[in-house]
Amino acid sequence: MKQRSSRLSLNRRSFLAGVGGTGVLVGLNHSKAFALTGDDTELNLAKVATPSSLVMLSENKIGSLNDGFTPASSRDRKNGSYVIRRGFEGDSRAQWVQYDWTKPVSINKIDVYWAIDPPRPNGPPGSGFGRTAAPASYRILYWNGSDFVPVSNAQGLGIAGDTFNATKFDEVKTDKLRLEVVPDEMHAAGIIEWKVSGSGPAPSLPPVVDAGIDRSVVIGGKTYLAGKAIWLQDLPGNTARWTKESGPGTVSFVNASAPVTTATFSAPGDYVLKLTGTGSGEQMSSTINVHAEAAPPKDRLDVVYTTKYAIDSPLWNTRAKTLIVDWIPHCINYCERTDIAANRGDGGIDNFIEAGKANRGEPHGRHKGYVFSNAWIHQTVESMCIALMVDPQGDQDIIDAQKQMRATLERWIPIILAAQMPDGYLQTAYILADRSQWPERWSPDHRGNHEGYVSGYFIESAINHYTLTDGKDLRLYNAAKKLADCWVANLGPGKKDWFDGHQEMEQALVRFGRFVNDQEGNHRGDAYIALAKFLLDSRRGGSEYDQSHLPPGQQYEAVGHAVRATYFYSGMADIAAETQDTDYQSAVISLWDNMVNKKYYLTGGIGSGETSEGFGPNYSLRNNSYCESCSSCGLVFFQYKLNIAYHNAKYADLYEQTMYNALLGGVALDGKSFCYTNPLVNTQRTVWHVCPCCVGNIPRTLLMMPTWAYVKDKTGLYVNLFVGSRIHVGKVAGTNVEMVQKTDYPWKGAIAITVNPEEAKTFSVYVRIPNRNTSKLYTESPALSGVRRFAVNGKEVTPHIEKGYAVVTRQWKAGDRIELELPMEPQRIVADNRVKADLGTVALKYGPLIYNVESADQQNIEQQLSDAPLKAEWRPDLLGGVMVISGKWQDGSPMTAIPNYARMNRVGPPVEYLGDTNVNYAPGATTSAGTTAPNRAAVASAAATAPPNTGGRNRRVMKAESKVWI
């Protein structure tokens, strides 16, 4: 029996073989007979083909092209679809999908079922942009042994909806068939199913076998195997079987003869599982890698809530002051403006004013902006609350800004509370909606309306308002409980089954549930955590775009919209820590591994932008990336949740990397503009945005320093970030503890940590020892790790290292001091060879900071770096004071690199209103009364005033002014 081995996948998001260099010679004749079996049924040759495409977008499911599905209509996407968009700007290549067979087959007919969305004449502006339409045209090509050429005498080429469109042509014999599609000017084209048939007897073809996606699993849990073995014909001799190819322990399959089954593992380690399909005298196999590891500790670490704190760090004092004095007031101003034109990020506090009128039965105006425009109000409220907890230390500018923030909160809070419905529900888009267009809350037809997204932000803002006021002002806290209780009363087992299109409520409910339990006890917040799990568990039957394609516990690859994904994974990590659900634990570590080791940018950003604000395939990390600022916030949340679940410093290493690079530079140095996207080549800053969802997310995340810097348990305190500061961490071992850090990190590696307990107590202090090699995608030289010096009260010690932490257990009294010095020197970084965008290039790093070269510092940045030594040099006169890396270019001229967070601050003025014509910021949203959210034409108008590099799929990089990879 002939044995073949294959790693090709039907639905894996990877670039599959396109036009191999050794195509099989083919023949052409003019027979128009069709392949018939004995019962006169056409054989679909596509079933055993391997699909591929010119560009793989993560919202697409390449395997849906040939999964044998017969749709009920052109709107039936339950098995997914393949969306084809026009090429990137400047890319004139025709877009195509392709089938490859293991041997030549005779073909003379195809059938295509187009995905076509009906127009929405009453939908909100913008909702029409994301829909798919019939293509403008298409043609069929085959591989003739040296090139793809059109078939002859094609008859049909239909574009009708709700049916298979048949096209017949002169028979060809080939091992590759291509469908070249031209979408119309305004919409993407979509294919639900593409069938292929031919003439002559049924060919003998091996089955197509796909073992699925690499993943991890916790010992004691199971992994869900979703393999595929597809034969051209269903014959008695067809068999499929799972086997263990390698691994340290025993693998037990529930049903080894079923491609879809589950498996458990007896011992930790790395395994290879093989799925083998046999039939028609041939055999094919496919393998996956499974990493089995111990489950996380039963007890998670505890949150250190952000309360009043002081910063004592040159870098962070400057950045915090910019956020407090310039950026947050800027957000307040734009949120209060009523003159922002439609389609320019309008819809601020005025929506709450009108919703309050509606609640009182008064005449009211229409809702402005996106259905989720409440989000930047709630984020800004939370940002103000956190900013007010930063000690101004006599800085008059900060004192004045904080005075204005207090006044703003007193002005806004009554307005927001008046917009809350009597039962606690709060979303102004619904409150102001035309009930004929949006008849009820929590409707499956309205998942795109962000009900949970905006509600979650409100709940989170209430937490930091409570800590700001030391629990003395309960207005937002009580309103948040009322809102959460409303959701608990209406959703859950035996009630309504629902999930939101944009995750946020899930992580907010867990965060709030923990907080309520900590403040009130008696398990008062447990119902909120239970509802969060219910909302997560309810995600099914949807698309990869919003991660509703599979149950959460069966998701092993990071796909879809990157912000939705990280918020989702953050909520999953919360639930895994709270419930010890092994399916969630296995899924979370699988998603983390896939994201960090296959889809992660060196800057700690995520989202290549090859889809709508989302992930691309594994290793597809173009430098003209998307890396939305909100996705960086979400990634910090996700890594932080894993840190408290696993007690492992590597997750803090990662969120430090994201904070210092992908997020810290999100707001310009002058605090007057921000980055919606953060590509690794150039960056476009904007004063506001068509979709200003990041404006409050950036400051609320960066300023919540006490929470990121420390976590704790009953007998220990963990130091995760090194920032000069004075922070009260609450009780450890029964006594209140203040932590004081003195350091000029990240510029210098010397760190002093003073532990000030109110009473002398014995407990452990865990100090993170950074591991700079955070991802398998990148290799650093020279390799730096460990600690150069570690001392307790002046006495040098060799600390015990546990999960990346130096552990010091002793009786601590006020004034006890830990001193350490971390290795800090310039490093060169190279990427994994599978990251094609970075082949032959190098990046620079110093401590946690990634560096950029900019044309402001040298004439030519389009050349290679020489092998001359690199030097770190402090430049107080540059960009507010930075450590530069200096070296030599290949031509011998001096090279200067600056920290990535300071990039693009020496270019022209920012755009006022930025948007991307190729992004639908609210897919699936249905109408709310008077919604004036941006439509595609409006976004295009906004983008027309922007410089070429505007973020999104069609970003053009004309001239590199700043870049990471050299």
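Select Gln580 to begin: this residue is partly exposed, with a relative accessible area of 30% (buried means under 20%, exposed over 50%, partly exposed in between, using a 1.4 Å probe and protein chains only). Gln580 sits in the loop between helix H10 (562-579) and H11, and has a positive phi of about 60° although it is not a glycine. A quick word on what you're viewing: this is a predicted model, where local features need pLDDT of at least 70 and side-chain atom pairs count only at pLDDT 80 or more, while totals for chains, interfaces and linings use all residues. Residues are numbered from 1 along each chain as its sequence is written, and side-chain values use heavy atoms, leaving out hydrogens and water.

Next, click Asp581, which caps the N-terminal end of H11: a side-chain oxygen lies 2.9 Å from the backbone nitrogen of Asp583.

Now colour H11 itself, residues 582-598. Helices here are DSSP runs of H or I with at least four residues, and strands are E runs of at least two, numbered from the N terminus. Is H11 mostly buried or exposed? Of its 17 residues, 15 are buried, so H11 is largely enclosed by the rest of the structure.

Carry on to Cys627, in the loop between H11 and helix H12 (629-646). Cys627 is buried, with a relative accessible area of 1%, and its phi is near 45°, a positive value in a residue other than glycine.

Last stop: Pro746, in the loop between strand S25 (735-743) and strand S26 (750-757). The peptide bond from Tyr745 to Pro746 is cis, with omega near 15°.

Technical notes: Expected span 1.5 Å × (residues − 1). Polar contact = N/O pair within 3.5 Å; in protein donor to acceptor, adjacent residues only side chain to side chain.
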